[in-house]
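Here are some notes to read with the model open beside you.

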Amino acid sequence: MADIIELLERRDEVGLALLKEKYADYCYSIIYGLLRDHSQTEEALSDVWLAIWNSIPPARPMRLRAYLAKTARNTALHYLRYDNAQKRTAVTVLLDELAECIPDPATEVSGELKTILREFVETLEPEAKRVFVRRYWYGESLGEIASAVHSSENRIAGILFRTRKKLKAHLEKEGYKV
Amino acid sequence: MNSWELFEAMTGLEDDTILAAAQTAPRRRARFRPGLRHLCAACIALALFFAGIAVFDAEAGNATMRWTRRVRENRVYYVFWNSPSDTPEGAPPYAPTWLPEDYALTTDWSDETRHSYIWTHRGADRKTLSFSCSYVGDGHQQGYGLEEGTYTCEILVINGIEADHYMETDIGSGWLVWIDRKEQILFAVSYYNGAAFEDALRVAESIQRMEGEGR
């Protein structure tokens, strides 16, 4: 069997079939983690395959799995953003938690926020980094994270609390303040 | 700035960070007693010694058989140089003679030099097995959907031939790749979506040339 990216570049639909066979569960779990709705997730998953088919080529991702993960997350965010406000309930708790990190809600978002956030995450200890990303990138519940890292929900909540405090301080330091 | 914008900005995290976070943390192992620690160190030293011999032999074999495994743009490729350049007609006439129960053929695809089959389990779990065989021509290059840092590799023997077994443990999939040096054919069997490695190995061991379908 040939490389999936090579097949997609040749516009060979076998590439898409292989992609679905191999990564459907992976992408489904990322989307469902954010939407928490099976029918919406199925719909969003179809959008992911279409997005991949339309973007490769010209894109030639170095890390196919990471590329798929980001496409899946962006698609889920698109549903959360535009479908209807009710669906956002799936991430309401996450958003409330992240609100604690914002020094001043009136601060304008600069194009550097992604960079600042990326740099901040890379400074975290491995365990805190894993827990933080699983919570706010994958949208996992405390129970799901605790099970994945073999820990207790209380401990996970503590790690997240301390990391959010650090993030707030980091954002202030980087100019996100009154 | 609001929390939604902060949540969206998380999309910009590093690829490695995203992938590493998704992996399940290994359980902590019990500590070895000091005596056992020394014994383990001795075993590791011996293993490294024999691994060195194996690598040396494998490289010598590659030179003789004019094929090599390469990593280009972090993806694994098998490249064959100066091997017989006669262009084959039709796909290689090989197929497995055993399949686990309840798997159905979902894709059967071929071109001048390659034939691929994909079987998917009839259940809702979509367990999948695939098989492909490719002729090896001059400068032929066969790539695999394996990215550096996402798999481990071990050497197995399939019907007397050394095979590379790539395991992508975090998504429960893997590939067996080997070459029939006499026929200059590259074989690959993959398993994913929870299909069992044992089934993939048995499929690989059952592969035979189909009678009456010679090149």
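1. First, a term: "buried" is under 20% relative accessible area, exposed is over 50%, and partly exposed lies in between (1.4 Å probe, protein chains only). Helices (H or I, at least four residues) and strands (E, at least two) are DSSP runs, numbered from the N terminus.

2. Some ground rules: this is a predicted model, where local features need pLDDT of at least 70 and side-chain atom pairs count only at pLDDT 80 or more, while totals for chains, interfaces and linings use all residues. Residues are numbered from 1 along each chain as its sequence is written, chains are lettered from A in the order in which they are written, and side-chain values use heavy atoms, leaving out hydrogens and water.

3. Look at α6(A), residues 113–123: Leu113(A), Ile116(A), Leu117(A), Phe120(A) and Val121(A) are buried there. Down the axis of α6(A), the buried residues fall within an arc of 130° (taken from the directions from the helix axis to the C-beta atoms), so they line one face of the helix.

4. What do the buried residues of α6(A) pack against? In chain A, α7 (126–136) and α9 (153–173); in chain B, α1 (3–9) and α2 (15–22). Contact here is heavy atoms within 4.5 Å.

5. Now to chain B: eight of the eight residues of β11(B) (185–192) are buried, so the strand is largely enclosed by the rest of the structure. Ile185(B), Phe187(B), Val189(B) and Tyr191(B) cover one side, with Leu186(B), Ala188(B), Ser190(B) and Tyr192(B) on the other.

6. Strands pair if DSSP finds at least two bridges between them. β6(B) (128–135) runs antiparallel to β11(B) with eight bridges, and Leu129(B) stands opposite Tyr191(B). β10(B) (173–180) is also antiparallel to β11(B), with seven bridges; Leu176(B) partners Val189(B).
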